[in-house]
Amino acid sequence: MTPTELSLEITDLSVDFGVVPALRGVSLALRKGRIATIIGANGAGKSTIMKAVCGLVKPRAGSVSLFGKPITGLPADEIVVRGLSLVPEGRRLFGSMTVRENLELGAYRRKDRLRVGEDFARMLDYFPALRDRLSTPVGSLSGGQQQMVAVGRALMSAPRILLLDEPTIGLAPAVVDDIAEIVKAIGRSGVDVLLVEQNAEVALSIADYGYILENGGIVAEDESAALARSETVRRAYLGI
Amino acid sequence: MQTAFQIIATGLQIGAIYVLFSLGLTLTFGIMRIVNFAHGQFFTLSALVVAVVMPYLASAGLPLPAAFAGSAAAGIAASLLLGLVTYQWGFRRLQHDFVGSFILSLGLILLLEGLYLEVFGGAVRSVPPIIDGTVSVFGASLTTQRLLLCFVAMVLTGLLYAALALTPMGKALRAASIDHEAAMLQGIPYQRIARHGFMIATLLAAVAGALIAPVSVVTTTLGSDYLIKGFIAVIVGGLGSIPGAIIGSLFIALVESVGGYFFDPSRASIAIFALVMVVLLVRPQGLMGHG
């Protein structure tokens, strides 16, 4: 595989929280046109990978590159401009602001105002439930609708790579299916997706391939179908 | 009835200045999660410069309103410069560091009050009135000058409110004060936004200082009084809340004017502290605070 086929490449990434290592030399790659997932238990370091990639956490060692260009150490707001956007764990919406304001803030750095308008309309096509709630403060929406706003907000920056951190956590099963469909649709629309999930079943049904993260290190990597068949994955993450 | 109007009108006049002052405190807290206790020193510097420059300009033959405008511009510029220096070399490094910023701002109070005393001297200064005359509103008599200052303060508050609600920059400021990391994930340049927010806060203090100079005696410690009142106003209203700062300021000002009328100013101060305790016991996050 040539490096140009990789949209995001993480090499030997190590992050410490104080003296406690959170990530120990994690390497993984997001291939163009694919959806990848990182599966792991609580505290395995999944969110830390996301934060380090997005610039919210400074890695101790290792590098992150976007389309072949290093972004390690850049502030988070500069990484967004380079085409990578994160839907953070717990959504982290601006609760007292309206749905419209939240979505518009996602496009804060974009200069192509015409396209922003088109994308805004596209978000309402993706999430018709938000159509009537545009002037509502997001804090008063249901969990599922909030997750839609969070995904929509991230997409409003017109990213080429979308990172999703636990997008289905705490949602009703029907809503989880909705979110799964939306993530697949985003992948088909030409955005490369890296999905972090505790729910391995959902994650493997969405992603083309996946990584298994344990204690801050990658222990396995394969196509989703193969991971879903693997005995260890079935026992540890699928509960079968 | 006439007395009631008089008390309310007096309260609103004082309150307008408190609002400008406390808006700056709450804005800084919202964005940087620090309380800048040296906020009053920005206010003082502006008032001191007006008190020094205005008589000078007036004696040079300028009409009083022009002399005030010129000296206010000088005072505001001086405060902004001071704000920028303290931000670049100090507060910028102490965002979200409550203890560090507390120590820095206390140090700045001592340093700046000492410097002001050296430079401006300890004499009590007064500024000649800009406009003479009184206006009667619903039987309450107000000096034209105070009415004008009150009007300017209200216009500025309105402008700030509108800017925060409607402009992209204002929305970015609000977003950053709700969750600065989430704001950065939207591409909002937090460092730049924090500096803008700090400088807007400084500007509000500087304008308040320039406005208070003609209606108050100007001393090098003028800001300390306002800091306490402004801080109480912000706590009552809810730290970080813009409507809270406005409501808190008007509340403090009304208690002061009612208490000052029926009792005396020192009892009014006691009443403020007592009422603050009641508010905080009932609603520890402040009237408009989130928790």
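Good morning. I begin with chain B, where helix α2 (residues 39–59) packs against helix α9 (residues 222–237) at an angle of about 140 degrees, the axes being 8 Å apart. Axes here are lines fitted to C-alpha atoms, for helices over the stretch in contact, and angles run from 0 to 180 degrees between N-to-C directions. Helices are DSSP runs of H or I of at least four residues, strands are runs of E of at least two, and both are numbered from the N terminus.

This is a predicted model, in which local features need pLDDT of at least 70 and side-chain atom pairs count only at pLDDT 80 or more, while totals for chains, interfaces and linings use all residues. Residues are numbered from 1 along each chain as its sequence is written, and chains are lettered from A and ligands numbered from 1 in the order in which they are written.

The angle makes α2(B) oblique to α9(B), the class left once angles under 35 degrees are called roughly parallel, over 145 roughly antiparallel and 65 to 115 roughly perpendicular. In α2(B), the residues B:H39, B:G40, B:Q41, B:F43, B:T44 and B:A47 meet B:L222, B:G223, B:S224, B:Y226 and B:L227 of α9(B); contact requires C-beta atoms, placed from the backbone, within 7 Å. By class, this contact has 5 nonpolar, 6 polar and no charged residues. Nonpolar covers Ala, Val, Leu, Ile, Met, Phe, Trp, Tyr, Cys and Pro, charged covers Asp, Glu, Lys and Arg, and the others, Gly among them, are polar.

A second pair in chain B is α1 (residues 2–32) with α5 (residues 144–166), at about 35 degrees and with axes 9 Å apart. Their contact has 11 nonpolar, 2 polar and 1 charged residues.

How many residues of α11(B) are buried? Of its 18 residues, 1 is buried, so α11(B) lies largely in the open. Buried means 20 or more other C-beta atoms within 10 Å of the residue's own, exposed means 12 or fewer, and partly exposed lies in between, with C-beta atoms placed from the backbone.

In chain A, α5 is mostly covered, with 10 of its 13 residues buried. Among the elements covering these buried residues are β6 (84–87) and α6 (173–188) of chain A.

Finally, the contact between the chains takes 16 residues from chain B and 21 residues from chain A. On the chain B side, α6(B) gives the largest share, 6 residues. That side divides into 10 nonpolar, 2 polar and 4 charged residues.

Definitions and conventions
Contact = placed C-beta atoms within 7 Å.
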